[in-house]
Structures are given as C-alpha cells and as structure tokens.
Amino acid sequence: MAYGFHFDASRCTGCKTCVLACKDAYDLSTAVAYRQVYEYGGGGWSRNDDGSWSTDSWVYYLSIACNHCLQPVCTQVCPTGAMHKGDLELVSVDARRCIGCGYCELACPYHAPHVDRELGHSVKCDGCEGRVRGGGQPVCVQACPQRALDFGDYDELTARYGVFASLAPLPDVSVTLPHLVVTPPDQGRASGSDEGTILNLDEIV
Amino acid sequence: MFTAAHTLGIAWREITLVLFTVLGPMGLGAYVLLSVGLARPTGRPARRARVEHMLAVPLFVAMVGFTASATHLGTPANALYVLTGVGRSPLSNEVACVVACLASCGFRWLYSFARRPRAGVLRAWSAVNVALGSLALAGMGRAYDVSTVLTWSGTLPSCSLVLGGLGAGVPLGLLTLRLAKVGRHPGDRVARACVVGLACLAADVAVLCVHFSRVASVATGMGTVAQVAPAYPALVAAFAACAVLGYALVLPGALRGRELSTRRLVAASAVVALGVGAARFGFYLLHATVGLGL
C-alpha cells in the first residue's frame, strides 16, 4: 500500500496552520519547513475608457510537502542511498548515510528535501511515519482548520477525489508520479502555465 | 527582483562546487593533454622525466578542486557510502570516475620517481590515464544531468564543462611544460595547442548561448528562466572576454615562435580560469526545476 496526500485547493485559505503545526511537532528552526504554502497568482489591473479600473487578478494557495512519489527523483540522484523508501513506501532520510550534498534538494521538483546545515544532513517530511504506524494522521492533516488536507492509501484517495495533481506551479504528474491528489480551485491553471508566479517567495524556506 | 536574489543565493551557496568544476576539469584537461604526448615514444628521456615530475602541477590543481568540493558536504565522514550509488546516481558515477583517475594519476606520478622507471610502463600508464581523465571529465559533465532540473539536463551543459576544461587546460599544460624547462623554443605544436584551446572556449561560449536561448522562455513558478537568472548573459560575456584576454597573452607569441614566460603563462591560466569560473557561477545561477522552479 502506498500512502499519499489529498489537497483541496478550493478550500485552502493560505493560513499556514499546516506549516506551523509541522514545525511545532518536529521543533524545526526558522530555516527549515517540511511543508510550504505557495501563493500562486497573476493578472492585473487595466483602465477602462470611462476612466474606471477593472481587474482580472487571481490567486490560489497550494500546501505542499513531500509527495512520496512513485518515481522519486531524490532517491534516484542520492549518491549514498540515504534517501530511500521504507516498508510503508514513504520516502525518508537515513541520517547515518547522508553526506548532506544537497543533490536531493536541487533535484526535487516539489522543493521537499532540505539540507539542515546544523545537523549536516538532509531533512524532509516523512509522512509522520510514527503517527501513521500508530493509526494516526500526519499532524498537518489534523491541524488544517479548513479540512483541506487528507492522507491515506493513495488508491482510496484517487477513488474518492480523482487523480488530478497537475496544478500550476506544480510540475506535470508524469515527471515523478507523485502520490498526491489535488482538487483544483475555480481559477486553477494547469501545470506549465506561464500566467502566474509564486507571490510569497520571501515566505518559502 | 526577489527571484533573481533567490537564484543568486543558490549560486553563492554552491561556490565551492564552482571552484571544483573550474579547477577539476582544468587540471584534468591539462593532465590529459600532456599525457597524450607522453603516451607516444618521442622526446629525449631527460626531457620526458622533467615533464613526468612536473605533472604534479595539473594534478595539484585538480586535487585542490576536488578538496573544495568536499567542503560543501554536511557530513563528509559518510562519504564512502557514495560508492554504493555507482550506476544509479550521476553524482556517485562522477565521484567514482574522478577518484579512480586521481588515484591512477597520483600513483603514476610516484612511479615516475622510481630509480629506473620502465619507459613502456610509463607510456602505457599514460594511455590509461588519458582514458581515465576523459572518463572523469565526462562524469563531471554528466553529474547534474537530471531530468527534473530543466536548465541543467541535456547534452549541452555536459559539453560545456568538458570544453571549458580543455580550453583552460591548454595554458595550464603550457605552464607545466615551461616549469619542466621544456618548450623554451615553441614550435608549431604550441601554436596549434593554443588555437585548439581557444577554439574549445569559443565552442563553449556558443554552447552556453544556444543552451540559454533554448531554456530562457521556459516558465516556472518563479517566472521564466530569463527572469530568474537575469545576470546569466553578462556572465557568459565575461567568460568570453576572459577567454580572449587569457589567450591574447600567449597566442601571438606562440604563433611567432617566441618563448612564453612563466609569468605570462600563469596570468593566462588565471584569467582563463576566472572566465570559466564566471560561466560555472552562471550554471548554478541557472538552476530551475520543472514546475516550482525552486
């Protein structure tokens, strides 16, 4: 069985409770976050003939952590095998093997792994493996006040929510086959769109 | 502006890898070019011996680069595990190729100090080191060929590293010969080497321009690649300028058959290395994954 996340972009308000709950649970420093919330938007303002102004601006949020992909590029490029899949098919780091080269960080299209310079090795979301083994849910899922996040057997998630996950600015699912299902928002753009940009880069670590 | 600052931060963070990918290919390029000559049964034994001993110069340059690369690791103590990824990880392949090459070059250099080194063994070993050096250059070129980093994947970035290594390796190789007191009266070979070296760097500049034109308009979550790395064209221009300036120090003299001074060869090597460094800094500046682009 492979675990995955469902993210409902039509519900998310970008409050970042998921980010903070994760940072709190794992005592992460300000330089590290296992989950990020991206504010993605575009459009602008234009002046009408009568002097009034109108806008076609739009924005939506994506709460993204490691998607424990079926074909994770981080495990492919990792020179030591520290980045690996365990028996629950969750991708995690073996700190005893990791050299902290940062190749996983450079290659992951979901910006999931990071090299913690203080610890000297890569760190990332492990799907709250300990909580999951105990029958619980990841802390981000439990914390979300909008119930925009879900976690479970990927096949069950796709049966419940569909298979869509190619929402801009995420890459097309064919790249790494992420165990992620996204419910798109009304203004959602498909992967590869050049209509918007990430608007909160200074909040991303 | 923030997106440019973000990629600039990535490039600065990888500055030791910039050093590695400048000095490593430069040293290996010079070593390979000199070894091609040493693999042939020509030249007086005394002259050959001086060159054999002075091969420590390009080897040292490559070793400094390799050492610099290790400083960016979080836990170098786990480095032996890197060999478990050979065949799977491009980085493991690179490290294995470079280590094998440097080890073979190092032991050959030690053997050249034997009381009676066998000429046949040295020549055969040179041929082996040419193959290992070429493999190491190719391995370094392919190290970041990963499909999810759209600005690094493909043949062109790999070719760029090899061309830069050969182009920067020529002045370093000439400096090595000069320090070995060989080539005081340079003939056609030195002039030809300079022309080939400059041609490699010209080809490198062309490769970088073609690569940038292909990826510049690709959209990521941070904007197009051109918006993410606005300084890239200026860095390639700086590389081209340094290449011309560096070879201007040696090429006219080489074409006229004049003696090239040590000082001039050191300056040419340094200026060309600076130029290749600008190009390599641009390489890390250009980092952009598919999708988010982070």
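Biologist: How do H4(B) and H7(B) pack, at what angle and with their axes how far apart?

Modeller: In this predicted model, helix H4 (residues 56–70) of chain B packs on H7(B) at an angle of about 135°, and their axes are 9 Å apart. The two helices, H4(B) and H7(B), are therefore oblique to each other.

Biologist: Which residues make that contact between H4(B) and H7(B)?

Modeller: On H4(B) they are B:Val57, B:Pro58 and B:Val61, and on H7(B) they are B:Leu172, B:Gly173, B:Leu175, B:Thr176 and B:Leu179. The residues of this contact divide into 6 nonpolar, 2 polar and no charged.

Biologist: And what about H7(B) with H12(B), at what angle do they pack?

Modeller: Helix H7 (residues 155–179) of chain B and helix H12 (residues 262–285) of chain B pack at an angle of about 165°, with 9 Å between their axes. That angle makes H7(B) roughly antiparallel to H12(B), since angles over 145 degrees count as roughly antiparallel.

Biologist: Is the crossing of H7(B) and H12(B) left-handed or right-handed, and which residues make the contact?

Modeller: The crossing is left-handed. From H7(B) the contact includes B:Gly164, B:Gly167, B:Ala168, B:Pro171 and B:Leu172. From H12(B) it includes B:Leu265, B:Val266, B:Ala268, B:Ser269 and B:Val272. By class, the residues of the contact of H7(B) with H12(B) are 15 nonpolar, 4 polar and 1 charged.

Biologist: Stepping back, how many helices and strands are there in chain B?

Modeller: Chain B has 12 helices and 2 strands. From the N terminus on, the elements run α-α-α-α-α-α-α-α-β-β-α-α-α-α. The radius of gyration of chain B is 20 Å, close to the 19 Å that the globule rule gives for 294 residues, so chain B is as compact as a globular protein of that length. Its C-alpha trace spans about 60 × 45 × 25 Å along the principal axes.

Biologist: How many helices and strands does chain A have, and what does its C-alpha trace span?

Modeller: Chain A contains 6 helices and 12 strands, and its C-alpha trace spans about 65 × 35 × 30 Å along the principal axes. Its radius of gyration is 18 Å, which agrees with the value near 17 Å that a compact globule of 205 residues would have.

Biologist: Let us take the sheets. What is the strand order in the mixed one of chain A?

Modeller: It is an open sheet of 3 strands in the order E10-E1-E11 (chain A), with mixed pairing. Strand E10 (149–153) and strand E11 (180–183) of chain A stand at the edges with a single partner strand each, so one side of each has no neighbour in the sheet. The twist averages 20° from one strand to the next.

Biologist: How many bridges join E1 to E11(A)?

Modeller: There are 4 bridges between strand E1 (residues 3–8) of chain A and E11(A), and the two strands run parallel. The bridge partner of A:Phe5 in E11(A) is A:Leu180.

Biologist: Which strands of chain A does helix H6 lie across?

Modeller: Helix H6 (residues 154–161) of chain A lies across E1, E10 and E11 of chain A, and runs at about 130° to E10(A). In the loop between H6 and E11 of chain A one finds A:Pro169. The peptide bond from A:Ala168 to A:Pro169 is cis, with omega near 5°.

Biologist: What of the sheet with E5, E2 and E12; is its pairing parallel or antiparallel?

Modeller: The pairing is antiparallel, in an open sheet of 3 strands with the order E5-E2-E12 (chain A). Strand E5 (58–64) and E12 of chain A are at the edges, each with a single partner strand, so one side of each is left without a neighbour in the sheet. Strand E2 (residues 36–42) of chain A pairs with E12(A) over 3 bridges, and A:Gly42 has A:Gly196 as its bridge partner in E12(A).

Biologist: Finally, how many residues of chain A are in contact with chain B?

Modeller: In chain A, 36 residues are in contact with 34 residues of chain B. Helix H2 (73–77), helix H3 (103–107) and strand E12 (196–198) of chain A are the elements that give two or more residues to the side of chain A that touches chain B. By class, that side has 21 nonpolar, 11 polar and 4 charged residues.

Terms used:
Residues numbered from 1 in each chain as written. Chains lettered and ligands numbered in written order. Predicted model: local features only at pLDDT ≥ 70, side-chain atom pairs only at ≥ 80, totals over all residues. Contact = placed C-beta atoms within 7 Å. Nonpolar A, V, L, I, M, F, W, Y, C, P; charged D, E, K, R; others polar. Axes fitted to C-alpha atoms, helices over the stretch in contact; angles between N-to-C directions. Parallel < 35°, antiparallel > 145°, perpendicular 65-115°, else oblique. Left-handed = near helix turned anticlockwise from the far one by under 90°. Pairing = 2+ DSSP bridges. Rg over C-alpha atoms; globule rule 2.2 N^0.38 Å.
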